[in-house]
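Biologist: Show me the model, please. Then I will ask about its ligands, domains and helices.

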Amino acid sequence: MLRAVSSLNCRTRKIVSLRAFATVEASSTNDPIGDDGRHQILPNDGSEEYSETMVKRRDGSHQPVEKLRGFVNYQRNPEPYRDPLHRVQDWEELNPTIEDDLKHSAVEQQVQAARCMDCGTPFCQTETGCPVSNLIPEWNNLMFDNRLSDAIDRLHSTNNFPEFTGRVCPAPCEGACVAGLVDSPVTIKNIEYSIVDRAWEEGLIVPRIPNERTGMTVAVIGSGPAGLATADQLNQMGHKVTVYERADRIGGLLMYGIPNMKIEKDTVDRRVNLLREEGIDFVTNADIGKNIDMNELSSNYDAMALCLGATKPRDLSLPGREASGVHFAMEFLTKNQKRLLMTKEGRLESNWEKENYITAEGKNVVVIGGGDTGTDCIGTSMRQRCKSVTNFELMPQPPMERAPDNPWPQWPRVYGVDYGHAEVQAVFGSDPREYSVMTKEFVSDDDGNLTALITQDVEITNEGPKAIEGSERSWPCDICILSMGFVSPETYVAEQMCLEVDQRNNIHAFYGDYRTSIDGVFAGGDCRRGQSLVVWAIHEGRGVAEACNEYLIQKQEDDVYATQSSGSLANF
Ligand SMILES: Cc1cc2nc3c(=O)[nH]c(=O)nc-3n(C[C@H](O)[C@H](O)[C@H](O)COP(=O)(O)OP(=O)(O)OC[C@H]3O[C@@H](n4cnc5c(N)ncnc54)[C@H](O)[C@@H]3O)c2cc1C
Ligand code: SF4
């Protein structure tokens, strides 16, 4: 006890002296972040007194990392993406790799975790924040204490695939972070990403093969994040799960949709391989309702989960729409991804077909519609070396700060610069977005090839967007990519099964219940809630699994009861 007190005294003395030293330094710069993009660290002089890492605080002093007032002492410092001018030259992930100087050090990760206040009511993990209710303050604490193994266990307890969300989630948790009320929010998404990536690197994520099997079988249709989360949960509950996917690869929009630079496909495959080792079967090229009869399939399983996604794109029926050069975003992105997956060591495989590819190389590109999909089309066009890229948005530019009707802890609807916008700015010198613009016509040449778009400016009125007379403009355009969202799932599965759909043609099942109009058939993810986010798909997949498990337990009990009853009847 005495020893502890004397060492504490010793540290207090040292902090005081360091504060004095640091105040001098603070007069030149108060910024605790150094040129290397991390909180500055006092060089270790090797003396015993300096045995702990001394990190610069906002007040200019250098002291050991502490958590009690971490949000006061340290600055929000998200790990940056790679330099836009470099990254547009390749298809690799935006995030820096472990060899990259931009990658945050373990100390910076600890400093960022120290900013979490562990507040009494962590809004970040409520539904306003993280849809899967990640135990954010808990794993921030564990990361601060350098307990990686416990941190990944806590993270996995609510989120099946943190390596997906850590890369692509727009982080509504950060919009709801209490520190964000008075300062900048904690870098929650970065911390999630660093926990799971370090856990993979250090071999902490290994197959968990269920000890017991229930004998019940489930077919999951669709292998996006909703289908994978459903399958993972049900498999861990002991049921035998088979996932059917119509594409040639597993992953849904994580595989074909969200491009390589946001999530490399090895990351998706790594998780799918783990699920396979854990006992889940995957069947690809199985288009249920087309090349496999839906009703026949359902008769072979005890339950079925529909996680079909919402892949029917919203079209733009305007004069000239039939012009060659107008494409849906998913066609453009999927063909590009397929080409990348068929490229080995810079060479295309021999069975790659050129006609199955849409290139923006040397062309004027217009992307109609914003959001993640619009940004991904911009980023893809940039990597294909387009001549120019413009992005039309119907709505006006969002405010720089939260509007009064958009208070904390809601998702902040404010102006932001996503990776694709930053790349266009870096290469062409200006942001690609044109706000309050409505497309009126597609113009083509005598051969039917798109050459221009005609637009009109719009103003937002109480009745909705209204075109402004005399504001017509013509934009040179060789490729137009339609990225205006998705209207619903494709209808053939629901039709074949005579399933109830809602007014938007989504499969009808109540949120939190996930039972469809057919007994033993459940639905979740984009096909139930409409186009959304990966994290919502995981949340719904977990919910589908819960509901399905309840159903299977009841079914098993009913079967036992029926057998016993028929047995006793036979005896009688
Ligand atoms: C271009 C793009 C970028 C996006 N970027 C982001 C992002 O950055 N962050 C984010 O959080 N969200 C993003 N999203 C949204 C996110 O990808 C979706 O919300 C999420 O993937 C939905 O998951 P899901 O499992 O419900 O459906 P999906 O991922 O769409 O998976 C459904 C799967 O079901 C399969 N399927 C459908 N019908 C059948 C059938 N009859 N038989 C067999 N298989 C079938 C489909 O082929 C598909 O693989 C993006 C979406 C797009 C289109
Ligand atoms: S899944 Fe998304 S919302 Fe949840 S903690 Fe991670 S980044 Fe935040």
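Modeller: One term before we start: Ala, Val, Leu, Ile, Met, Phe, Trp, Tyr, Cys and Pro count as nonpolar, Asp, Glu, Lys and Arg as charged, and the others, Gly among them, as polar. Keep in mind that this is a predicted model.

Biologist: How does the shell around ligand 2 divide by class?

Modeller: The residues around ligand 2 number 14, and Cys-130, Thr-165, Cys-169, Cys-173 and Lys-189 come nearest. By class, the shell holds two charged, three polar and nine nonpolar residues.

Biologist: Which helix gives the largest share of the shell around ligand 2?

Modeller: Two helices each supply at least two residues there, H8 (172-175) and H9 (188-201). The largest share is three residues, and their source is H9.

Biologist: At what angle do H5 and H9 pack?

Modeller: Two packed helices are described by the angle between their axes and the distance between the axes. For H5 (residues 136-144) and H9, the axes are 11 Å apart and the angle is about 60°. That angle makes H5 oblique to H9. The crossing is left-handed, and the angle asked for is about 60°.

Biologist: Which residues of H9 meet H5?

Modeller: From H5 come Ile-136, Trp-139, Asn-140 and Met-143. The contact of H5 with H9 has six nonpolar residues, one polar and no charged. On the H9 side, the residues are Ile-188, Ile-191 and Ile-195.

Biologist: How many polar residues are in the contact of H4 with H5?

Modeller: H4 brings Gln-109, Gln-110, Ala-113 and Ala-114, while H5 brings Asn-140, Met-143 and Phe-144. Four of the contact residues are nonpolar and none is charged. The polar residues number three.

Biologist: Where does ligand 1 lie, in terms of domains?

Modeller: The shell around ligand 1 has 39 residues, with Gly-222, Gly-224, Gly-252, Gly-309 and Gly-525 nearest. Helices H10 (225-236), H14 (371-383) and H18 (534-571) each give two or more residues to that shell. By class, the shell has 19 nonpolar, 13 polar and seven charged residues. Both domains give residues to the shell, so ligand 1 lies between domain 3 (217-312 + 488-560) and domain 4 (323-484).

Biologist: How many residues does domain 4 bring to its contact with domain 3?

Modeller: The centres of domain 3 and domain 4 are 31 Å apart, taken over C-alpha atoms. Domain 3 brings eight residues to the contact. That side has four nonpolar, three polar and one charged. For domain 4, the count is nine residues.

Biologist: Which peptide bond is cis?

Modeller: Most residues other than glycine have a negative phi, and most peptide bonds are trans. Pro-409 lies in the loop between strand E12 (388-392) and helix H15 (419-428). Omega is near 5° for the cis bond, which runs from Trp-408 to Pro-409.

Biologist: What is phi of Arg-385?

Modeller: Arg-385 sits in the loop between H14 and E12. Phi is positive there, in a residue other than glycine, and its value is near 65°.

Note on methods:
Residues numbered from 1 in each chain as written. Chains lettered and ligands numbered in written order. Predicted model: local features only at pLDDT ≥ 70, side-chain atom pairs only at ≥ 80, totals over all residues. Near = placed C-beta within 6 Å. Helix = DSSP H or I, 4+ residues; strand = E, 2+ residues; numbered from the N terminus. Domains from an automatic or database assignment. Axes fitted to C-alpha atoms, helices over the stretch in contact; angles between N-to-C directions. Parallel < 35°, antiparallel > 145°, perpendicular 65-115°, else oblique. Left-handed = near helix turned anticlockwise from the far one by under 90°. Contact = placed C-beta atoms within 7 Å.
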